[in-house]
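Reader: I would like to learn how to read the strands of a sheet, and I would be glad of a worked case.

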Amino acid sequence: MASSALICGTEAWNDLKAHVEEIKKTHLRDLMSDPDRCRSMMVEFDGMLLDYSRQCATVETFEKLFKLAEEAHLKEKINSMFSGECINKTENRAVLHVALRAPRDAVIQCDGKNVVPEVWNVLDKIHDFSEKVRSGSWLGATGKALTDVVSIGIGGSYLGPLFVHTALQTDPEAAECAKGRQLRFLANVDPIDVARNITGLNPETTLVVVVSKTFTTAETMLNARTMKEWISASLGPEAVAKHMVAVSTNLPLVEKFGIDPNNAFAFWDWVGGRYSVCSAVGVLPLSLQYGFSVVEKFLKGASSIDQHFYTAPFEKNIPVLLGLLSVWNVSFHGYPARAILPYSQALEKFAPHIQQVSMESNGKGVSIDGVSIPFEAGEIDFGEPGTNGQHSFYQLIHQGRVIPCDFIGVVKSQQPVYLQGEPVNNHDELMSNFFAQPDALAYGKTPEQLQNENVPPHLITHKTFPGNRPSFSLLLPSLNAYNIGQLLAIYEHRIGVEGFIWGINSFDQWGVELGKSLATQVRKQLCSSRTKGEPIQGFNFSTSTLLKRYLE
Ligand code: F6P
């Protein structure tokens, strides 16, 4: 396939279009009756097990999907990413989040320069700074230890670190390292988020980390000014030097804001915001909370998946298999959404993070060459931890719309509870659901089964479950820092694979610009109306009416 041609014009794509019609003729419960098929749809890596046998797919489907990967030059695209080529063409940038977690002695070239030493310079600086703060050798302006951190940032400068923090919070090893400390995240420009974050905090013991790749994001900068004022009002303006640090690619703007450049932690334009958890964006606040050694384990976990993704044959490559399955479900079965269902409360912020990584990356309408694509790309992602989700939206998943599901389970609980006299422990109870739900979705329940159970005839259709609903199950050995890093990298690369196959640019985000620039116009209007009493003008009838009501 020529690089500018659309993937939907290839033989492999058309072959899959025809093949899906064949697949639709066989119910998943029948596919599941073949143990050889099921065995071939399991992959083990580093203690984790992926079972994707509950997909409406056969061994032949995968042969065809691998052909599609070949047509899409998937291997070449992965290699280009790892070798620092400028694959984010619309922003003229390389895409090197893998360099953020590469071992110290790795060599990853970008623009003729090995970037790994720069990465480790920043990691070493974070290590040093976080140890100083944690040990009390870096003190606040009044001589008190800085035990509390507020990380200000939004989107990619917030969601990933929040997911990792939430997952580490209940890991016994990490929790031990975090004793006596707290980490909060201020994202929304809504003053309520500011109020929530400062409630119960003492400026004397608080360190504020301003996280913004561009250092221009309106919400983050307003929140940063608000927190600067909160510190200055209480401790005096000189205290800012001890109480505020920054993470950014835009160090001149950090300095202009009034933060000492020595207290700024850099990253690079080859790191996309939503792929920046492993840069100082996540590593700084998380190291302040848990210590660098815990965060290093997280980076090692992510790196282990990078190596797996880069080297494993596609048939054994977890991110590649999951990416191909997404393409299969979205573009051939026509399922627009997917549910991310971790059976672990510690992963409650995983789906919100993946929503951004996936939907900002792959929610595109044109190919990387700017040609309109005549097929749907991207997925609608949502999710909740099990079992909570079961009591919320699973009704629709079982009997309403078909939503492919990602079941993520953990063998060893972070916080096991054994109650005397209970037949199973609490984690077993949770995991019973993890094992049951995928089969309920796949097999369903037939009218015949219901009749045999003497269900009254008028309830038969209500109680019928169609089944034939795809899912995969990913079983992790535990949920420590290392496994959390692995889970992150699996999804990052899976989303990359989807974009590589669809032939879109998964690494830009032009779709967020229009709303931002319209908000700038509204902001100007609000300002001139409030300060000079100028009338509302330049907006349509509807927006003008709303604005007038707001200003009344
Ligand atoms: O609005 C989307 C976005 O541009 C994301 O891609 C990014 O993660 C977020 O805003 C925050 O940007 P910054 O880190 O530059 O403040």
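Predicted model: local features only at pLDDT ≥ 70, side-chain atom pairs only at ≥ 80, totals over all residues.

Reader: In which sense do β2 and β13 run, and how many bridges join them?

Author: In general, strands of a sheet pair through backbone hydrogen bonds, either parallel or antiparallel. Two strands count as paired if DSSP finds at least two bridges between them, and strands themselves are DSSP runs of E with at least two residues, while helices are runs of H or I with at least four, both numbered from the N terminus. Here β2 (residues 48–51) and β13 (residues 471–476) run antiparallel, joined by 3 bridges.

Reader: What is the order of the strands in the open sheet?

Author: The order of its 6 strands is β1-β2-β13-β12-β10-β11, with mixed pairing. At the edges lie β1 (42–45) and β11, each of which pairs on one side only.

Reader: In which sense do β10 and β11 pair?

Author: Strand β10 (residues 337–342) pairs with β11 in the parallel sense, over 4 bridges, and R338 has D381 in β11 as its bridge partner. From β10 the chain crosses through helix α16 (residues 350–362) to β11, and this β-α-β crossover is right-handed, a term meaning that, with the strands pointing away from the viewer, the path from the first strand over the helix to the second runs clockwise.

Note on methods
Residues numbered from 1 in each chain as written.
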